[in-house]
Amino acid sequence: MFTSTMFASILPEILILVIGLLILVVEPFWKEEKRRNVGWLTAGGLLGAMVISLIFARPGEPISTLGGMVRFDWLGFFFKMLFMFAGAATALLLMDNEKVGHRGEGYLLLLASLIGMNLMAASADLVMLYLAIETASIPLYVLAGFLLADDRSTEAGFKYLLFGALTSTVMLYGFSLLFGFAGTTDLYQLAGMLRTGDLSLVTAFGVLALILVGIGFKVSIVPFHFWAPDVYEGSPTPVAGFLSTASKAAGFAVLTRLFIVSFPDLAPSWTAVLAVLAAITMTVGNLLALPQTNIKRLLAFSSVAHAGYVLIGVIALTQLGVASVVFYLAAYILTNLLAFGIVMAFSRVTGLEDITDYAGMSRRNPGLALMMLAAFLSLAGMPPFGGFVAKVVVFAAGIQAGYVWLVVIGIINSVIGVYFYLNVLKYVYLYRMPDQDEEKHPVPLTPPYTIALAVLVFGVILIGTLFAPWFSWSDAAALNLF
Amino acid sequence: MNFPFLSVITFTPLVAALLILLLPAQRKNEARAVALGAAVIALLLSFCVYFNYDQAAGGYQFIEKYNWLPALGISLYFGVDGMSTPLVLLTGVVMFTGVLISWGDDDKRVMAGIQDRPREFFAFLFILAWGVFGVFVSLDLFMLFFFYEIAVFPMYLLIAIWGWVVTREYAAMKLTLYLFLGSVISLVGVLIMYWVQYQNTGVLSFDMLEMEKAGFSQTFQNIWFLPVFLGFAVLGGIWPFHNWSPDGHVAAPTAVSMFHAGVLMKLGAFAALRVGIMLLPQGAVTWKWLIMFFAAVAVVYGAYIAFVQTDFKYMVGFSSVSHMGLVMLGFSTLNREGLLGSGLQMFSHGVMTALFFAVVGMIYDRAHTRQIPELGGMNKVMSFAAIGFIIGGLVSMGMPGFSGFVAEFPIFLGVWREQWLVAVISSISIVITAAYIMRNIRQVFFSDLPEKLDGHLTDVTVLDKVAITTLCLFMILIGLFPGFMVPMVETGVENILRLLGGT
């Protein structure tokens, strides 16, 4: 019996599929030079799908549907909206990337990956979860290596594939052990089964560690972060932006749901492990970002560091903790997409990606420089941008849960972060081009960039000033886990 | 009060900054005009607040409260008391004069003011002013913190982009990291206070007036007072964390030095008072001797280092450390006289040091050197600036008849009541200050004009004169008529003493 709740619970995914099919039908009939417009179709379609979902598919009481495969609740829904927004922004940013955006396949892969991510955020069953993770990952492997003529891109795709395949296999092994011990694959029944069963702590811990490998790869926490800099550097910039935001947030969606819902009894052991990992992740990410000369590698290490901050909210194990994770990810998605969008816009005109190449940018395009200011200060956690509130809320959750030492490590790290983020802004605002002839080297923006970047920068400021509605949504989402 | 004075004052700079950013880059004069307009509005409104503050009633007035994030107890909660009202006025004055000083001149006869990208300069300066106003009027701890951080980061850009080429990158980064580290350490303390309050009272709120009643235990206060107080006091230039301050002052462009020394350092002192002493009063009692020691060292050491400087701007920078040490010294007494003196000193030093930096900036723009031995005879070309500097110097020395005396005398009185020895030692600074101020006035303004400079110098502009006059008027007004400000600050001091429980 297929009820309307079942339909509503996967309406966003159905709509994404429709967009994808539409692209498949329409694109071959368009002329070569018009195929870039698939980007408009994708972005517009995703925004339309968001609106339709917001109207017709809003969750009520949390409920497992489709035979216990999918959880229909605000946590999943909020993440789905975030992913689709990130997808729409990425589609716009792809449009003027000639090698990816002028063909339909890129957009199609993006949409396929989005379906997987949406299901990751909503899955309530180990089988569904694994399928979703693979659906999200495989298109991204292809997208990362999309530039066949570029060795670095090929390397990025291959590296991402190898790491991804390995870690997901390890995770799958963890899942199968879990099924063997608990006798169920339903996330919401696992807790009860593990409680009644006589699972020794060591065994449970081993299983958790195996699962953590897979998720740790997705969210790039140390020591599963090695792929991030190389893959970000090699893949097409908008794809790197998508990897560092939506893909990472999807990993966190799984992490929060799986660990909080399914392993409440084992919390003391896995929070201890995650707390140590969070501290190491923050520190390694920030310290390794210091010597970077390539802006995409810098952003890669910064995104590793940010994963560490988010982990503080996860291990707080409170409603505020989960709310802070959701809020942080929302702010982070907007900010990092903005940062990668700017990098894309800049390198499209100049073809350069080193930090030193940004010298004189405030004279070449003052507006773009201001956006970069907003993005990097938000990453550094400065008001009035989203990053500040997000950081304060995460730290507040950490302190509430008694992790003062972890928060202290967090703040020391954020000071290191301020140093290298400001260092980039120094090139943008202070240094000049070798011949001081910035007027002759403007950095023009095409309409898709203007729209995407303006929306993102507006969002970054909005989430940092009028944070009440965002926090209420995050809180509503968090409520579903407790 | 129906008119929302405080929120209008606070958000005027922000609106102005956005308007300026919307202007096209080449419309430099329009950017300056918008900046001046906003500064005048903010100044007039802060006058309104100052004169409409009911001193008989005391307490927090002009209260506005808007729920911002009820789930976490964050609200946009504005109000001023006798301590913060003068500081709001101070910010208005420094903002106004700062804009006048940085006006700039597009045909480049004089390299004064800001010629390079004035649009961005004024926008960042006003975002800074937004944060400063916000800190002074916020009664919500989260918002105080929010504005505090806003006041910190534009400094980096302002110094790094428009500062003195030689040291600006180093100084700007050093300043930002120092201040950010201090503020995040305070943040940890603040968040812990927030949760302990929740445990004690069951109220989830960042409202500082509620937090005053949270009943933090003695042990808790002893542990957390020092991180919170010192974290903020870093921005107040407290020894031994003052090192960023002279470097920052020297590297900053004139208007930013004025803002930095005149207002921002007060921001640190004020936040240390507001959050450290007023929310954790018992902790303050425990640690007052340490604070007093730090402050006394800052007072004497700062003055001595200022004495040996040959760079004019470094001299003023270290004199700021010395004078801000006096503010902290007053705080550490925790008695009526000391706190009153600190409140007055914050205003007096703000105006005085803004004037100092303005004059130093004017001289440097014309003579292109700040080495005191290379300067001389400035009185012949810019007598107006000379008069301004002399008045500032007299304030700095604590000469009766000027605001410095009104402020410093109660501080020493208060210190004497606590420990006479500290008062004696720190009063040495007055002698040293007098020595270096007199020496420099003689050398820079009254000795012979060096041949190298002869004929190259021009008088200060009309706008500069307006700025100097405004600043001087306040110093003389308070000196001759202390009733202008003393009763106001007293109402604020009453409030602090109440929290300290009559000590």
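Pro223(A) is placed in the loop between α10 (201-219) and α11 (227-234) of chain A, where helices (H or I, at least four residues) and strands (E, at least two) are DSSP runs, numbered from the N terminus. This is a predicted model, in which local features need pLDDT of at least 70, side-chain atom pairs count only at pLDDT 80 or more, and totals for chains, interfaces and linings use all residues. Residues are numbered from 1 along each chain as its sequence is written, while chains are lettered from A and ligands numbered from 1 in the order in which they are written.

**Cis peptide bonds**
- Val222(A) and Pro223(A) are joined by a cis peptide bond with omega of about 5°.
- A cis bond also runs from Pro383(A) to Pro384(A), with omega near 0°, and Pro384(A) sits in the loop between α17 and α18 of chain A.

**Positive phi**
- Ser220(A), in the loop between α10 and α11 of chain A, has a positive phi of about 55° although it is not a glycine.
- Ser220(A) counts as buried because it has 29 C-beta neighbours inside 10 Å; the cut-offs are 20 or more other C-beta atoms within 10 Å for buried, 12 or fewer for exposed, and partly exposed in between, with C-beta atoms placed from the backbone.

**Contact between the chains**
- The contact takes 27 residues from chain A and 26 residues from chain B, two residues being in contact if their C-beta atoms, placed from the backbone, lie within 7 Å.
- On the side of chain A that touches chain B, α19(A) gives the most, with ten residues.
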